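Please look over the sequence and the model below.

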Amino acid sequence: MTKNEKLICLISGLWTLGNTMSAVFVNVYLYAYTGSLVVMTIYCMIRIGLFPVFFSIGGKWAQRKGFSQTLIMGLIITMISLIYVLAANTSFETNPNLVYVVAALVGSGEGLFWLSVNSLNQIVSTENTRARYISNLGIFNNIANLIAPLFATVLIDLAPNDIEGYINIFKIVIVVYGFMSFAAFKVKANHSTKSFSILKNMRIRKDKRWRYCMTSTFLYGMRDSLILTLTGLLVYNATGGKGSLYSQLLTVFAIASIGAYYILAKKMNKGNIYLFYKIGAYLIASSTIILVIFPTMFGAIYYGIVNAIATPMYANPYQVIMMNNIQKYEKKENIVGRVIAKEIYLSAGRCFGMFCIVMCSMILPNELYLPVSVIFCSLFPIILVYYAKRYEQGNYDFDDESITEFNYIESN
């Protein structure tokens, strides 16, 4: 790997370490005070809904100053959000609306951070190195996912109660983000200074390749909405609200995920990528459906193990497809505009999925709204894979090569 690739892997791994220790437990921490899955879903809608605004701000900023600055600012705002959580403390119980202030701060910081990281992923990798680079990112991130719950379990067990343990976690994560800010200074990736139009890249009617990419991204975001809101809290509920047991489960899931990423890096190639994509989609869909139908330890363990194994099979092909297609535009324009448009469509899919959850809670009985909304959003990975297959079978006319280099159609 190049120096920049190593730096991005390090920053991404440290972010995952901090995010696994804080964001998951911020959700649990706030949920402990609000006691409402609907409030937490609206919290995530606000957080994700702010991404497009800060993707746009960050993109224009990075065009002049580089992605190192936007990366650092995203981390600083994220640290401020954790400081606010610590300062508000029990105030969330008496004033649940303070949860939405946290959502605004987290959404602002993460928007700048993810704009920077996703753009740098595109810039520092090439078509020849991208699949291995993404697998390496997955391994780095899952090593962090392994360490984080172990460390979190120790902190929670040493504290007099779970809430105090979460507070100690937030303090340590602030230090981790501070270290990451210094590491971000060393990122020196080249970036285009060409102007770009986000609104122009949002239009998909005329460009059939881009329409495929953005439609796929929206569909991908629909299922993502479950991961961002409900699944972590449903697993937490399945443990009986025991923070240490929840951390131990996350550790097991991380070990399974590391193994899956490692094996996939060895086994996946251009000839079998669609097969992995298809298997991963079905497993991903089943994991959340089983969790909501069986909200017990069985459901939690099934979800965690299957999701860990299936995620690289499902997510890696999707990422390679999107990144390679974006690179097709590199010679003619500043691809940061494409990256931002993709992230906006992803955020739109996520928010629409969460909107469906909230709407179901309003029109369906309490015992029905979760199963209906989760099963609905869980089906989109399968829809996405068949949409990719239809694309590959030539139902669309393209004037140049597309993702056919991956040979998505299964040989039989």
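**Cysteines, charges and contacts in a predicted model**

At 14% relative accessibility, Cys-360 counts as buried, where buried means under 20% relative accessible area, exposed means over 50%, and partly exposed lies in between, with a 1.4 Å probe and protein chains only. This is a predicted model, in which local features need pLDDT of at least 70 and side-chain atom pairs count only at pLDDT 80 or more, whereas totals for chains, interfaces and linings use all residues. Residues are numbered from 1 along each chain as its sequence is written, and side-chain values use heavy atoms, with hydrogens and water left out.

**Cysteines**

- A search of the whole structure finds zero disulfides, a disulfide being a pair of cysteine sulfur atoms within 2.5 Å.
- Cys-360 takes part in no disulfide, and the nearest cysteine sulfur to it, which belongs to Cys-356, is 6.6 Å away.
- Cys-44 is likewise in no disulfide, its nearest cysteine sulfur being that of Cys-351 at 9.5 Å, and Cys-44 is buried with a relative accessible area of 1%.

**Salt bridges**

- The structure holds four salt bridges, each defined as a side-chain nitrogen of Lys or Arg within 4 Å of a carboxyl oxygen of Asp or Glu.
- One of them joins Arg-350 to Asp-224, with the closest N and O atoms 2.8 Å apart; this pair links distant parts of the chain, since Arg-350 belongs to helix H15 (residues 336-363) and Asp-224 to helix H10, 126 residues apart.
- Another salt bridge is formed by Glu-333 and Arg-338, whose closest N and O atoms are 2.8 Å apart; Glu-333 counts as partly exposed at 22% relative accessibility, whereas Arg-338 is buried, with a relative accessible area of 8%.
- Lys-342 and Glu-343 also form a salt bridge, with 2.9 Å between the closest N and O atoms, and here Lys-342 is buried at a relative accessible area of 11%, while Glu-343 counts as buried at 5% relative accessibility.

**Surface patches**

- Patches are made of residues with over 30% relative accessible area and no salt bridge, like charges being joined within 9 Å and nonpolar side chains (Val, Leu, Ile, Met, Phe, Trp, Tyr) within 5 Å; the accessible areas come from the Shrake-Rupley method with a 1.4 Å probe, and for residues only the protein chains shown count as cover.
- A patch of positive charge on the surface gathers Lys-200, Arg-203, Arg-205 and Lys-206, where Lys and Arg count as positive and Asp and Glu as negative, His and the chain ends not being counted, and where the place of a charge is taken as NZ of Lys, CZ of Arg, CG of Asp or CD of Glu.
- Ile-143, Ile-147, Phe-151, Val-154 and Leu-158 make a nonpolar surface patch of about 470 Å².
- One of these residues, Val-154, has its place in helix H7 (residues 130-158) and is partly exposed, with a relative accessible area of 44%.

**Buried helix residues and C-alpha separations**

- Helices (H or I, at least four residues) and strands (E, at least two) are DSSP runs, numbered from the N terminus.
- Val-26 lies in helix H1 (residues 3-34) and counts as buried at 6% relative accessibility; the C-alpha atoms of Val-26 and Tyr-166 are separated by 7.8 Å, although these residues are 140 residues apart along the chain.
- Ala-281, which is found in helix H13 (residues 273-293), counts as buried at 1% relative accessibility, and its C-alpha atom is separated by 7.0 Å from that of Val-385, 104 residues apart along the chain.
- Tyr-391 is placed in helix H17 (residues 380-392) and is buried, with a relative accessible area of 3%, while the C-alpha atoms of Tyr-391 and Thr-311, 80 residues apart along the chain, are separated by 22 Å.
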